[in-house]
Amino acid sequence: MLLFVLLFQVAALQGQDVPTKELLDWHRLPDFPDSIGVGGPCAGISNGALIVAGGAHFRDPFLQGGEKIWTDSIYVLTSSFSEWKSGFTLTRPTGYTVAVQWEDEVICAGGGNAREHFVEVITLRWDGGDISQRLLPALPQPRAFASGAVVGTTLYLAGGLETPSDTVASRDFWALNLADPGAQWQILESVPGLPRHSAVTGASDGAFYLFSGTALMPDTAGLVAYEFLTDAYRYRPQYGWEQLRDLPYPTAAAPSPAIALGPSHLLVLGGNTGVDVDRVQELGDRHPGFSRNLLAYHVITDTWAYLGALPMGQVTVPTVQHSDNIIIPSGETRPGVRTAAVWQVTPRNTVPPFGTINFVVVAIYFLVLAGMGLYFWNRGKNDTDYFLARRRIPWWAAGISIFGTQLSAITFMAIPAKAYATDWVYFLGQIAILLVAPIVVYLYLPFFRRLQITTAYEFLEQRFSVAVRLFGSLAFVLLQLGRMGVVIFLPAIALSAVTGFNLYLAILLMGLLSTFYTALGGMEAVIWSDVMQVIVLLGGALLSLIILVLNIEGGTSGLIEVAASEGKFHMLTWSWDATTTAVWVVLGGSIFSNLIPYTADQTVVQRYLTTANEKLAARSVWTNAALTIPGSLLFFSLGTALFVFYQQHASALEPSLSTDAIFPLFIIQQLPQGMSGLLIAGIFAAAMSSLDSSLNSAVAALVCDFYRRFKPRSTASTRLRLAKWLTVGLGFLATTIGLLMATIEIASLFDFFLELLGLLGSSLAGLFALGIFTRSANSTGALIGACTSAIVLYLVSAFTAIHFFLYASIGILTCFVVGYIMSNILPNHHTQLAGLTIYTLRDRLPNNDQIDADADE
């Protein structure tokens with residue numbers, strides 16, 4: 001019955017589009033001091049104040065033959081935005097410059113007046129009481145009515161008119177590196193299409209965008225005629241120009257640069273469509289003015305969408321970015337008429353409300369998780385039971401748990417987002433698990449199972465020394481401490497944005513709830529919550545894909561046709577360039593990347609130890625591999641389907657959200673109430689699954705590798721109590737880190753901290769490989785190799801352009817090679833290798849685990 005209801009609701013969604021949304025809030029600031037207003041000014045923010053300089057207007061009515069007057073006046077709206085200051089001037093009357101902001105200065109490039117156009121580029125700075133001006137390198141040629149934007153540290157300038165009497169516009173394209181004091185303007189590849197002026201520019205993700213504009217050409221009477229353009233282009237330094245989807249209508253002279261909203265939207269406000277360009281005198285004061293339409297261009301799907309109406313159509317005016325707001329100071333509202341209105345525009349979130357049913361479903365899901373902790377409470381009688389679930393976990397559950405541990409909430413959202421934004425190149429990395437699984441099963445797993453250990457790092461002591469064990473365990477614990485805050489903070493940002501959940505409440509819920517059931521139930525609660533989470537997430541992802549296909553024109557064949565035409569299925573890049581996602585880089589790098597968690601990460605190795613014997617543990621590894629491939633196919637297909645869906649339903653996109661939130665946005669928008677709540681709860685649970693795994697495994701390392709190692713006579717009950725209290729303590733610490741990341745601007749510093757710790761992951765995998773695959777490696781050589789690996793990897797990441805896919809291979813191989821060489825140079829104090837290398841594995845007498853495995857044969 002439930003399935004019937006869901007399919008009915010899915011069918012009801014077919015063909016529906018999301019209604020137009022009011023995306024922007026408009027607030028009117030104090031009017032421009034000159035009540036006539038001004039068109040073509042240079043404007044920007046300096047020291048928190050709005051500067052508006054120069055421009056042109058008509059003192060007498062344009063339609064009655066009034067003369068256009070250029071001005072040199074500079075006005076400043078102070079940082080409180082309550083009072084205008086005047087009495088400042090430019091060196092000469094100037095209008096129609098390219099106006100952009102750079103650091104704390106306003107750049108005015110070119111411009112002109114009725115007699116001439118200029119090459120000067122000046123900056124304006126407000127110091128609280130006066131305006132200071134300085135010169136930047138002059139333009140290669142005079143230019144007014146050009147268009148420009150800053151991308152990174154580069155100011156790009158396109159098109160425009162060289163002189164007031166030009167009958168043809170320009171296709172010139174120039175660039176100036178603002179970060180280099182000695183830089184000069186560079187002449188780049190010309191703008192495609194017709195020569196133009198008064199185009200709209202934009203900047204997004206390292207690319208320069210050029211929309212619309214006006215072309216000049218002589219008409220049959222020998223006069224200048226105007227052609228209003230709808231073409232659009234993108235320029236990327238490494239690729240050059242490429243044509244984009246045309247605008248639905250011209251937007252010449254719209255406020256520029258286009259508003260960059262979120263990571264992938266550019267908003268074009270109104271513009272001159274050219275509809276009444278030949279009827280200006282005829283219409284007179286009845287002229288309807290310029291367009292009031294709000295258009296949004298989406299850089300990923302290459303689509304245009306109408307997103308509402310503006311309170312006033314203003315052209316020939318720059319947009320000014322101020323914090324999260326955009327200011328539009330004055331401008332032209334119809335031919336020859338300016339306005340004194342100064343608008344402040346604030347984007348707002350238009351995601352639909354989460355809904356009562358969804359909140360109830362999330363609450364029930366959380367209660368079930370808490371119930372799991374209570375159900376498994378006190379089942380283990382000692383710390384080993386607490387960490388290894390009494391070695392009674394079914395192989396299939398352990399395999400699902402491994403899969404769930406690797407499938408964090410970040411991954412669950414990021415893989416579809418990656419396929420949505422790009423293509424399938426990263427899918428090759430998922431295939432690597434098929435190559436890594438047999439290596440783990442036949443070459444690593446026997447050591448973890450036959451040595452009767454609780455943590456992976458106990459092997460390092462038996463093979464090398466206690467110092468190597470402590471190094472490995474401490475590196476793992478520090479990495480998990482850093483990771484735990486991130487795995488609840490990053491999903492909380494996306495989930496709070498699409499659901500309306502308070503960010504701090506989301507972090508608290510995930511942190512405290514996962515701490516609660518992990519502390520009570522130990523590894524058993526962790527594994528069975530993983531199983532439930534994987535079922536919910538995979539089931540929800542499959543249902544989402546079905547709904548997507550049903551709502552795409554042409555269904556499955558339509559999806560494949562559109563995606564193929566857009567290159568979304570591209571997977572293989574053939575190149576020897578180590579800085580790209582070439583086949584060998586992605587596949588080879590991913591093999592080594594997978595070796596880190598599957599051979600040296602306690603959160604994964606611990607699951608190998610929860611089954612009854614080695615043979616069942618091997619099955620769990622194969623189960624994880626078997627789930628990874630279809631799971632990856634599902635998530636990449638989901639991302640591609642999201643691309644096609646939102647290309648066909650462009651107005652449904654929420655511009656303010658990050659790209660990583662695209663799947664949660666679809667869940668909230670399109671899935672039925674209740675089902676969307678269950679899947680959002682599953683994403684919360686995926687974050688908690690990563691947290692609970694890190695908690696239990698980090699505590700296992702602390703208790704076994706430190707406390708029990710140096711207090712061997714401590715009782716099992718004491719260690720069990722310590723494990724539970726440490727779980728509570730680390731859970732509170734992780735939650736606190738997440739809250740701090742949401743409160744204080746420490747994200748970049750914390751990212752740096754995690755990057756440094758991440759360097760040790762490859763070192764750990766290198767240590768295990770060194771111990772297992774060599775006879776001569778010793779403790780001193782191993783530690784030197786591990787430290788060298790971290791240093792080399794830091795230098796590679798900081799000073800080379802090598803693709804990050806290769807970092808793991810560089811780190812592991814460096815540790816292995818350096819450790820091997822130094823071990824042969826330095827004395828070897830470790831002689832007992834029975835059962836500790838692949839060459840001596842059978843020298844150790846079989847233990848109960850091996851006997852059980854042999855019996856199963």
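In what follows, a residue is called buried under 20% relative accessible area, exposed over 50%, and partly exposed in between, with a 1.4 Å probe and protein chains only. By that convention Glu105, at 8% relative accessibility, counts as buried.

Before I continue, a word on the model. It is predicted, so local features need pLDDT of at least 70 and side-chain atom pairs count only at pLDDT 80 or more, while totals for chains, interfaces and linings use all residues. Residues are numbered from 1 along each chain as its sequence is written, and side-chain values use heavy atoms, with hydrogens and water left out.

Let me stay with Glu105. This residue forms a salt bridge with Arg134, and the closest N and O atoms are 2.9 Å apart. The term salt bridge denotes a side-chain nitrogen of Lys or Arg within 4 Å of a carboxyl oxygen of Asp or Glu. The pair connects distant parts of the chain, since Glu105 belongs to strand E9 and Arg134 to strand E11 (residues 131-136), 29 residues apart. Helices (H or I, at least four residues) and strands (E, at least two) are DSSP runs, numbered from the N terminus. In contrast to the buried Glu105, Arg134 is partly exposed, with a relative accessible area of 41%.

How many salt bridges does the rule give? The count comes to 22. Among them is the contact of Arg450 with Glu614, where the closest N and O atoms are 2.9 Å apart. Here too distant parts of the chain are linked: Arg450 lies in helix H7 (residues 427-450) and Glu614 in helix H14 (residues 614-648), 164 residues apart. Arg450 and Glu614 are both buried. Salt bridges with shared partners also join Asp104, Glu105, Arg125 and Arg134 into one network. Another pair is Arg236 and Glu242, whose side chains meet at 2.6 Å, N to O. Arg236 is partly exposed at 26% relative accessibility, and Glu242 is likewise partly exposed at 26%.

I turn now to the cysteines. A disulfide is taken as a pair of cysteine sulfur atoms within 2.5 Å, and the structure holds one. Which residues does it join? The partners are Cys42 and Cys108, with an S to S distance of 2.0 Å. The link is left-handed, with -85 degrees about the S-S bond. Because Cys42 lies in strand E2 and Cys108 in strand E9 (residues 105-109), the pair ties together parts that are 66 residues apart in sequence. Both Cys42 and Cys108 are buried.

Cys815 is in no disulfide. Cys787 is partly exposed, with a relative accessible area of 40%, whereas Cys815 is buried, at 0%.

Finally, the sheet that contains strand E2. Four strands form an open sheet in the order E2-E3-E6-E7, with antiparallel pairing. Two strands pair if DSSP finds at least two bridges between them. The edge strands, each pairing on one side only, are E2 (42-46) and E7 (84-89). From one strand to the next the twist averages 20 degrees; axes are lines fitted to C-alpha atoms, for helices over the stretch in contact, and angles run from 0 to 180 degrees between N-to-C directions. Strand E3 (residues 49-53) is joined by four bridges to strand E6 (residues 73-77), and the two run antiparallel. Ile51 stands opposite Val76 in E6.
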